[in-house]
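Here is a report on one protein chain.

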Amino acid sequence: QRRRSSIAILAIGFGVISMMLAAGFIEWIFQETREDAIKNQYGHIQIVIPGYHEGGQADPFAYLLPKNSPALKNLEQIPEVQSVVPRLIFNGLISHGESTLTFIGEGVDPARDPALGNLHLIKGKPLSLDKPKEILLGVGLAANLGVQTGDTVVLLANTASGGINAVEATVRGLSFTSMKAIDDVMLRIPISMARELLRTSGSHIWITTLKHTNLTDKAMSRLKGEGSLKNFEIVPWTKLADFYNKTVELFSRQIGVVKLIIAVIIVLSISNTMTMSVMERTVEIGTSMALGVRQRRILRLFVMEGVLLGAIGGVGGVTLGFLLATLASTIGIPMPPAPGMTEGFTAAIIVTPRIIWEALAISLVTTLLASLYPAWRASRLVIVDALRHNR
């Protein structure tokens with residue numbers, strides 16, 4: 001029955017393609033969310049004073065790292081590390097004309113901080129060492145304050161000694177992140193200006209950027225063995241990126257449901273095909289058993305037929321799915337802004353070796369399971385009843 005076998009193969013292939021495209025799209029979401037969080041917010045590893053992430057908001061000046069430290073130089077010598085830069089976190093008020101708003105600011109190194117190299121600027125220019133009095137505003141904060149590039153604003157913040165200090169700054173650029181809530185309060189300024197505003201010489205975080213995200217565990221092990229860092233807390237990005245971790249948990253469950261649905265479709269399709277195959281070949285089965293073919297061999301033949309259908313459908317589905325994923329990624333998938341985001345984006349589909357092996361495993365395992373009952377039924381036919389089945 002070529003037609004029925006072809007339909008079964010197509011059902012398997014369609015299921016495999018659907019699973020690959022869905023899993024590949026979610027894999028892209030994972031990768032982009034992870035890299036965006038690392039590059040724009042956390043870095044790969046953060047070095048802080050112990051307790052900063054728990055109590056730093058309440059008493060930020062109690063958790064200041066020294067400006068110069070042997071540990072900082074030792075960090076830069078580790079093979080997996082690409083760069084180490086200080087970052088000073090603070091909050092205060094920003095004023096322009098009659099408008100005054102609260103902000104969350106970051107003092108960053110304009111030349112080396114990875115967050116600046118991955119900013120999405122919609123207007124203006126990135127921070128520069130040559131312009132130490134110019135700052136970047138989030139688009140939401142700029143809109144609420146009513147400022148554009150080139151406008152002058154006043155920053156007001158508490159100092160390390162308990163007083164209040166203010167500085168004037170010029171808006172150099174407007175940027176956005178993937179989160180509207182951040183864009184509504186974010187500003188970035190040169191760390192020299194932040195230290196002048198807060199009247200301090202230290203920083204809160206040493207942002208450690210690695211050569212590749214996959215090196216995080218290896219670098220963590222090496223850093224924990226570094227003697228000069230024993231008085232510091234070493235925090236990987238995985239403990240800081242709460243939004244990413246929850247996104248992975250949510251979408252992993254969703255793709256699990258998709259895989260289950262596809263597996264059920266394949267099982268029902270193959271089971272139906274194999275059952276009909278047994279019914280149509282009852283006489284042939286009876287003849288084979290009358291000639292001495294054992295039940296075990298009959299069982300094995302039908303199981304092999306089911307697995308062969310799964311292998312053909314799986315390999316064909318994986319090949320076509322990979323080609324479709326590559327084509328979609330080349331063209332790009334335009335997406336509207338997600339809830340909480342300020343801009344739309346162009347998505348892609350990433351097919352990893354793990355996705356390919358999972359697709360092949362689903363096609364083979366499900367067809368194997370679906371073939372067992374029809375094959376068992378065929379092997380248990382009574383020879384006399386099978387021979388006179390069509391009479």
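## Burial and surface

Of the 391 residues of the protein chain, 45% count as buried. Buried means under 20% relative accessible area, exposed means over 50%, and partly exposed lies in between (1.4 Å probe, protein chains only). This is a predicted model: local features need pLDDT of at least 70, side-chain atom pairs count only at pLDDT 80 or more, and totals for chains, interfaces and linings use all residues. Residues are numbered from 1 along each chain as its sequence is written, and side-chain values use heavy atoms, with hydrogens and water left out.

The accessible surface of the protein chain is about 20200 Å². Carbon and sulfur atoms account for 59% of that surface. These areas come from the Shrake-Rupley method with a 1.4 Å probe; for residues, only the protein chains shown count as cover.

## Overall form

The protein chain has a radius of gyration of 31 Å, whereas a compact globule of 391 residues would have one near 21 Å. The radius is taken over C-alpha atoms, and the globule rule is 2.2 Å times the number of residues to the power 0.38. Along the principal axes, the C-alpha atoms fill a box of roughly 100 × 50 × 30 Å.

The secondary structure comprises 14 helices and 12 strands. Both are DSSP runs numbered from the N terminus: helices are H or I with at least four residues, strands are E with at least two. Contact means heavy atoms within 4.5 Å. Among contacts between residues at least 6 apart in sequence, 78% join residues at least 24 apart.

## Helix α10

Helix α10 runs over residues 242–280 and has 39 residues. From first C-alpha to last, α10 reaches 57 Å, close to the 57 Å expected at 1.5 Å a residue. The expected span is 1.5 Å times one less than the number of residues.

Which residues of α10 are buried? Among them are Tyr-244, Ile-255, Ile-262, Ile-266, Ile-270, Met-274 and Val-278.

## Salt bridges

Side chains of opposite charge can pair when their charged atoms come close. A salt bridge here is a side-chain nitrogen of Lys or Arg within 4 Å of a carboxyl oxygen of Asp or Glu. The count comes to 13. One of the salt bridges joins Lys-246 and Asp-242, at 3.2 Å from N to O. The two sit four residues apart in α10, so about one helical turn separates them. Lys-246 is exposed at 52% relative accessibility. Asp-242 is partly exposed at 42%.

Lys-259 pairs with Glu-358 at 2.5 Å, N to O. This pair links distant parts of the chain: Lys-259 lies in α10 and Glu-358 in α13, 99 residues apart. Glu-358 is partly exposed at 24% relative accessibility. Arg-354 also forms a salt bridge with Glu-358, with the closest N and O atoms 3.2 Å apart. Arg-354 and Glu-358 are four residues apart in α13, so about one helical turn lies between them. Arg-354 is partly exposed, with a relative accessible area of 43%. Shared partners join Glu-27, Lys-259, Arg-354 and Glu-358 into one network of salt bridges.

## A nonpolar patch

Leu-320, Phe-322, Leu-323, Leu-324, Leu-327 and Ile-331 make a nonpolar surface patch of about 580 Å². Patches are made of residues with over 30% relative accessible area and no salt bridge; like charges are joined within 9 Å, nonpolar side chains (Val, Leu, Ile, Met, Phe, Trp, Tyr) within 5 Å. Leu-320 belongs to helix α12. Leu-320 counts as partly exposed because its relative accessibility is 42%.
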